[in-house]
Amino acid sequence: MPNIRDLLSKQLQANPSLHLKISEISGLTKEELDNFTMDKTIFLDFGKILAIVNYVCPEVSSEVIKQYIETLDVNHPTAQQVLEYVFINRFDYSYSFLKRMIRALNEENKYFATVYEQHYKDLGQLFQYDIKEVANSPTLHAFKTIMELYSLFRHDQIPTIIRKKDYVEYTINHFVQDEFIRNYYLLHHYRILMAILLDQNEINECRRMANEILHLKDRVGPNFSINANHVLGISFLFEDYDKGLEYLYETKELYRKRPSNGHDGDIHSSINLHQIMWNREPEDLRPSSKKPSDIHDIAHYYISKNEFVLANEILSNIKESELSQRDSAFHFYYKGILEDDSDHLYKSIMLFKQIGNKFYIQLPINELKKKGMNPILLDTLLIN
């Protein structure tokens with residue numbers, strides 16, 4: 001298996017000028033680089049290791065990083081960085097590294113690993129911490145606040161999450177001194193909040209978080225980039241056709257590069273909606289699909305073409321009683337346009353409000369405004 005120390009040593013000997021470039025990338029001096037290559041007891045900040053590996057040997061970076069992690073002294077302070085790195089990326093060797101670290105002689109590292117084990121053993125459950133120990137570790141205190149947020153998310157406690165979001169971000173930024181771990185904790189936080197903030201129609205904050213994720217996209221798995229690009233693409237639905245489609249196409253391409261599992265996160269439906277809303281031809285309608293969202297795409301397309309008979313025929317194939325609240329909200333939006341019925345549009349608004357979606361609620365509200373309804377009265381519907 002490739003060894004970063006040997007690889008780096010050989011390349012530096014063959015090309016001494018490489019010292020300068022790697023120093024620029026990692027911030028390490030020539031002496032520090034030479035010491036690292038010669039002394040197997042020296043372990044660097046893991047962010048610097050990632051930067052060096054991705055520059056020196058990008059084609060075998062996964063294997064080189066895995067080898068480095070497998071030979072890392074779990075008593076070294078950077079083991080905490082590595083533990084967060086392997087779990088946020090869900091590597092298949094995450095638990096083997098965790099087990100090694102639980103047996104560490106360094107009590108701080110051992111307790112750090114114990115807290116991670118407790119969380120990932122009962123994923124998503126609130127669990128008890130030794131309050132004294134957590135108080136002694138500001139980093140684990142921040143970890144605790146993040147994982148409590150995840151638990152709230154799994155239990156659909158969205159209002160509570162929104163109330164806590166600033167506190168959690170403040171805690172991460174001010175309690176976690178290690179920059180590497182801090183950035184990854186923020187990714188955990190942003191991953192949940194960006195989608196919630198999109199639903200809340202807090203577009204600027206949503207985009208800030210999504211862009212922060214993309215800024216670190218080379219250090220996390222593809223799911224982070226997929227989610228961030230998808231959210232950014234949707235966020236431009238009412239603003240910018242080209243920019244929205246650019247992000248949605250990037251999402252589609254990222255799904256294409258993943259091992260095929262027949263799942264595309266419904267990116268095709270997001271693209272269809274974006275194109276229809278901007279009076280373009282949708283490129284991925286799926287007439288053979290039985291999914292309500294795919295059927296809605298086709299009905300929406302015919303509505304946009306004023307082919308109301310076809311649209312009504314397609315929409316009538318859907319069993320309204322079997323729809324989720326989200327699909328029902330879209331269903332009555334389309335039905336309201338098709339039947340020119342304000343009551344259906346108001347029902348759509350009610351359903352979007354029930355699921356806390358202030359972004360898509362603009363669809364039926366905008367339609368009612370076209371019908372001459374009082375815009376001020378309609379805007380009050382967005383207020384909780």
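Analyst: Tyr-95 counts as partly exposed because its relative accessibility is 43%; buried means under 20% relative accessible area, exposed means over 50%, and partly exposed is what lies in between, with a 1.4 Å probe and protein chains only. The model is predicted, so local features need a pLDDT of at least 70 and side-chain atom pairs a pLDDT of 80 or more, while totals for chains, interfaces and linings use all residues. Residues are numbered from 1 along each chain as its sequence is written, and side-chain values use heavy atoms, with hydrogens and water left out.

Tyr-95 belongs to helix α7; helices are DSSP runs of H or I with at least four residues, strands are runs of E with at least two, and both are numbered from the N terminus. Leaving aside residues up to four places away in sequence, Tyr-95 touches Phe-87 and Tyr-120, where a contact means heavy atoms within 4.5 Å. Tyr-120 is 25 residues from Tyr-95 in sequence, and their C-alpha atoms are 9.4 Å apart.

The loop between α6 and α7 (94-102) holds Arg-90. Arg-90 is not a glycine, yet its phi is positive, at about 55°.

A pair of aromatic rings is described by the distance of the centres and the angle of the planes. A search of the whole structure gives 26 such pairs; rings of Phe, Tyr and Trp (its six-membered ring) pair if their centres lie within 6.5 Å, and planes under 30 degrees apart are stacked, over 60 edge-to-face, and the rest tilted. One of them joins Tyr-85 and Tyr-184 edge-to-face, at 6.2 Å centre to centre and 85° between the planes. Tyr-85 lies in α6 (residues 79-88) and Tyr-184 in α12 (residues 179-199), so this pair ties together parts that are 99 residues apart in sequence. Both Tyr-85 and Tyr-184 are buried. Ring pairs also link these two into a cluster whose members include Phe-36, Phe-43, Phe-91, Tyr-93 and Phe-180.

Arg-207 lies over the face of Phe-236, 3.8 Å from the ring centre, and the charged end of Arg-280 is over the ring of Tyr-241, 4.1 Å from its centre. A charge is counted as over a ring if NZ of Lys or CZ of Arg is within 6 Å of the ring centre and within 35 degrees of the ring normal.

Asp-340 also has a positive phi, about 50°, without being a glycine. Asp-340 sits in the loop between α19 (325-338) and α20 (342-354), and is exposed, with a relative accessible area of 55%. In α21 (residues 362-370), the buried residues include Leu-363, Ile-365 and Leu-368. After α21 comes Gly-372, with a positive phi near 90°.

Now the chain as a whole. The protein chain has 22 helices and 0 strands. Of its 384 residues, 51% count as buried. Among contacts between residues at least 6 apart in sequence, 57% join residues at least 24 apart. Along the principal axes, the C-alpha atoms fill a box of roughly 75 × 50 × 35 Å.
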